Structure formats: C-alpha cells, structure tokens
Amino acid sequence: MISYAECSARERLALVVDTGSFHEWLPPALKLTSPHLAQLGVPSSFDDGVAIGRALLAGQTVFVAAQEGQFMGGGVGEVHGAKLVGLLRRALRERPRAVLLLAESGGVRLHEANAGLIAVSEVMRAVLDVRAAGIPVVVLIGGSGGCFGGMGIVARCADHIVMSDIGRLAMSGPEVIEASHGVEEFDSRDRALVWRTTGGKHRWLTGDCDVLVEDDVVAFRTAAISALGAVRPVTMESLEAEHARLSARLAFDGAEATALWSSLGVAGAERIPDLDVAGVLALGA
Amino acid sequence: MDWQTLATQLFGAAHGIVRDGDFLQGEVEFDGEPLTVIGTTDHAPIGVQLALRQARAVLDTMARHPGRALLLLIDTQGQQLRRRDELLGINRAMAHLGMCIDLARRRGHRVIGLVYDQALSGGFITSGLIADACDALPEAEIRVMRLPAMARVTKLPESLLAELSESNPVFAPGVRNYVAMGGVRRLWQGDLAQALREALADAQPQDQRAEAGAARGGRRLAASVIQRVLDAA
Amino acid sequence: MSLQPGLETLDYTFTGTRPAGAFAPVLVGVVGSGNLEVLLEPAPGDDCSIHIETSARGFGSIWAAVVRDFHQRHSLAGVQLSIHDMGATPAVVSLRLDQAARELQS
C-alpha cells in the first residue's frame, strides 16, 4: 500500500492515472510563477502549486489537475487558478471522459488575497460549465491538508467526491474558527474533534462525499475509474432534493458529530472514530 | 449606504422588500418589469441557515417566475465561523446556493450582484461572484479575511499586511481594486437606477473577468495563462 | 518598504567536464517548509550555472560550499539549475541536487 497522503501531488497524479500516460500542459520548465509572492519574501514554485494536463484512466482520456498541498498550503493564486480554469475550458472544447481534480488546498491563497479570491470564483464557474456540458468532474481528497475554503465549495460543485479518512472537507479551518470564537467553540489542537467534524468518515456518513477509501493510491485510482460514468445533471429536481436534504440537517441540535451520527441512525456512533475505513463502510451499508 | 435607502433610490419608497433578521427579500417592479431581490444586511455572517434561505428564494423564483431577473444585495462579514456550521456542511450549503444561482442563469434568469456595504470571501463567493456580474457601490469594501486572522494563518506580520492593504492592489479592500482586477464589473455612481438598468442590459453568460482584469491592468497574467492552456500542444 | 522581508538571490557558475547533452527538463522536490525544488535544464556551452531564490537569507557561504561540492561530484557541462528554497538544510539541498543529477542518467 502506498500512502496517498504521503505522496507529493505529482507522485499521486502519476500513480492514479495509467502509468506513463500523463502529458503536462504549462510544465515547470515554462517557469510560470506567481507575480505576487516575491514582494512578501516567499519563494515561488515553477508550476505555481498545480500540475495540469491530459492522461489516460483505464484507457480513457481524462483531464487531470493535482494541487500540491505542501506549497502555500495548496492555496489558489492567480496563476494556479488560471491553470485550473484553462484546463476546465479546454475540457469544454475537447470533451474528455472526465475531469479529475486531486484537491489539496486551503482555498484562496491569502498571500495573493484579492487575486486568489477572484481566481477561485473563476474555477467555480468553470467547473459548473464543465458539469453542464455533461462531463463528470471528480474530486479526490486525501492529503493531510484537506480541502478547505473556496476549494471546499468547488469540491461540492463537482459530480463526485472520493475521500480517504485522512482527508478533510470543510470551509473554514479550525484555527480560524478558534481565533474568532475561542477554543471552546473549536479546539483546533484536538485532532480527534477536527476529524470528527470535517474528516472523510464524517463526510461519508452524512453523504457529503460519495466514496470513502483507505489512504492508498490504488484505492483512489480504483474509485476514480468507477467514477468515470458519474454524471449528475443539475436540474430543478436535483436542486429541490438537495435543498430538502440540507434543510433537514438544521433540525439537528448542537455541534457534536457522534450525536449527529446517532440521529442519522448509525449504530454505535461513539466507536466510529476508532473504526478503520472498512469498519465505517460496514456501518453505512 | 443602508439597504432601505438603496432600495428606495432604486425602486421607490413602496418597494416591498422585507427584512427578516439579516435576510432581505422582495418582488419589485423596475422599468415596468418584475424583479426578484434577495439579499443580506447588517454584515450578516452566512451560515448553513442563511445560505439555504437565499437558495430557497432563488429556487422559488425559478419555479414561479421563469425568466425573472434577480438582484442580489450583498452585505456580509463572510461565512459563519462556527463548528456547528462546519459539521453540518456549510461548504455544501454554499455550493448549493451557488448551483441554484448558476442554474437560474442557465435557464435565462439574469442575475446581478451588488456589494452595497461589505463582503468577505465566503459570504459572497457563491452569490455575488457567481452572478452574471458583480457590481458594487463605490464606498463598499471586499476582503478575503480580516487582518488578524490573515496574519495568524500566513505567519506574516499584521503590520506588514496592514501596510500592504493601504497601497497594494492585491491586498487593498477598496472595490476600485476589484474593478481593476476584473472581479467587480462596475461601480454604481450617481443615478443608481440607471446603473441597475445598465447592469441588466449588459448581463451575459460568459465569465469575462480574466479578460477584464488583463484589459484593465489589475490582473495581468490570468487571461494569458488560460489562453496558453487552451493553446498548449 | 522597511517592513518587507525579501528573497535572497544567489548565482553560481562552474565550468563542467561531463556534457549533459539534450534532455527533458527535470524537476525534483517541492517548495515547502524546510524543502526546495530544483529544476534542471539543458543550457548552451560548458557551464553549470545555478540560480537560487531563497527565503532563508544570509547563508551565502553555505550555499557556495554546497553547490561547489555538487559540482565536484558531477561536473555537469551545459546545464542550468534553478532553485526555489524555503529553508532546507544543506543535507536536503545536496540530496535534491543529487536526485536531479541522477535523473539525467536514467
């Protein structure tokens, strides 16, 4: 088993797609670095933290992007965002079988502030354009940095999300919540609490991700292949169903995950944090 | 400008927009045509509940008034920073709101966003920024994050961030920066009703913000990088 | 202006004896805390030139020693190395440089 979390973005990408099939667009040798980081004394990255291109997955053409969580927390800056938008717009033209996004990001790259915010918004609209064209957008989340902020919203704009139990999917990071409302609101150093609230197991139990896998690149690859047909058209009906689903959540009182899981009818909710992925999948079946 | 003054200037004193908590909603008439108005006020934090409230209003307009234009009035301090909202999937509720607005646009509803006071990223990224265009009043401010939290997360000194926020377009919160970067299409100055009229007339489905940022000089790389990806061998 | 930190830029050039020939650019490493990325590309002539941008300032003499040792190990001719560094130790820098050079042999 190769840990997906411990791989770099490029290593994950290489192992998820068919061996040797990745063809990169705007590679590092073009040195398309951020125009905004040097003024803050922060080093740039030759690919601005995201590798994009075309590849084969089970022999089928897919477009793929992999965000490097170790660079600026995977945050989306001007160039990074434009690479994603370019990839998505090209997908409209060439109609690959799917667009695969190996997401690991804190959201907007704060060091690029306004430029990052607009960039994430452009990515969001581009993802919805691809979806509206009937091309599935599949998001893989399994890095230790998780998928937060505007990228946490982008993920939920996609057709299909695969998460490992190490992955997290949310909007605001626990540190920001703690800084705003205190440690009683959210103790960011309580890892168990953080993962109960935003981690893959929780998201799978509530249906916020579609598939839960082990921290294993092969498991992610297998799930990505299965997702190639996962087109979910956005319609009035689907949005009304989603609205009912989300509205029902408001009936739950409080902020504790184990109580929420119990309310969903999951037996033995208190044991879930200690279960492995197979154990959680058995509960949800 | 407070929302009542804004509404009165746009639609007259009998506009019919009602405030319920931080939520604004109304069906108004503008230039003889009906228009749905949805919004927030009092620097509202947007949590699951308020995101869903806005989504419901968009869904209702799609169901009951096909083709009717929507005006989103934005005043928000950003996403609600509570553990409960994260647990309940605030990112999913935000995405749902965004997808409702996006579908409305695809079904022929023009959607215009107007930041009339302040907006922080999460509070309007799936409303104003997903509309056909996001406009703003000249005194409005748009921020990604408050400086103290930004300093904590970036480990950059707050004093440095404050200095950059004075002069650096990437950091400064004034909406003129957002216009230069293409994020905001236009500022509403003088005759607000005329500005709304132009906003509705100019609404169009393509996301042209990267091109606008390049043309206006505030965001010079994005459009060219997008084009290079399209052209890459 | 006085509040702004800055990146330090360093450049070194050596004359190499082992021509690298033509090759596809090589990228190793990641720009994370305590890490660096190295881009190795062909260049005309016999030089091995190294361009470094680092957020850890004031370590010029250590960089000079590390790159000198690298060149003594490999003596590459006709290459250009570009580095983005975020405070990697000399050992990690040497490791990445050697990883990059090793990819030339495969």
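This is a predicted model: local features need pLDDT of at least 70, side-chain atom pairs count only at pLDDT 80 or more; totals for chains, interfaces and linings use all residues.
Now zoom in on one spot where a helix of chain A meets a helix of chain B. Helix H5 of chain A, residues 174–181, packs with H6(B) at an angle of about 140°, and their axes are 10 Å apart. What does that angle make of the pair? Angles over 145 degrees would count as roughly antiparallel, but at about 140° H5(A) and H6(B) are oblique to each other. The crossing of H5(A) past H6(B) is right-handed. From H5(A), the residues making this contact are A:Glu175, A:Val176 and A:Ala179, and from H6(B) they are B:Ala149, B:Arg152 and B:Val153. By class, that comes to 4 nonpolar, no polar and 2 charged residues.

Stay with H6(B) for a moment, as it also has a partner inside chain B. That partner is helix H7 of chain B, residues 158–167, and the two pack at an angle of about 125° with their axes 9 Å apart. H6(B) is therefore oblique to H7(B), and it passes H7(B) in a right-handed crossing. Here H6(B) uses B:Leu147, B:Pro148, B:Met150 and B:Ala151, which meet B:Glu158, B:Leu161, B:Ala162 and B:Ser165 of H7(B). Sorted by class, this contact has 6 nonpolar, 1 polar and 1 charged residues.

Last stop: helix H2 of chain A, which covers residues 78–94. With its 17 residues, H2(A) reaches 24 Å from its first C-alpha to its last, close to the 24 Å expected at 1.5 Å a residue. Is H2(A) largely enclosed or largely open? Of its 17 residues, 13 are buried, so H2(A) is largely enclosed by the rest of the structure. Look just past the end of H2(A) and you'll find A:Arg95, which takes a positive phi of about 50°.

Terms used. Residues are numbered from 1 along each chain as its sequence is written. Chains are lettered from A and ligands numbered from 1 in the order in which they are written. Helices (H or I, at least four residues) and strands (E, at least two) are DSSP runs, numbered from the N terminus. The expected span of a helix is 1.5 Å times one less than its number of residues. A residue is buried if 20 or more other C-beta atoms lie within 10 Å of its own, exposed if 12 or fewer, and partly exposed in between; C-beta atoms are placed from the backbone. Axes are lines fitted to C-alpha atoms, for helices over the stretch in contact, and angles run from 0 to 180 degrees between N-to-C directions. Angles under 35 degrees count as roughly parallel, over 145 as roughly antiparallel, 65 to 115 as roughly perpendicular and the rest as oblique. A crossing is left-handed if the near helix is turned anticlockwise from the far one by less than a right angle, and right-handed if clockwise. Two residues are in contact if their C-beta atoms, placed from the backbone, lie within 7 Å. Ala, Val, Leu, Ile, Met, Phe, Trp, Tyr, Cys and Pro count as nonpolar, Asp, Glu, Lys and Arg as charged, and the others, Gly among them, as polar.
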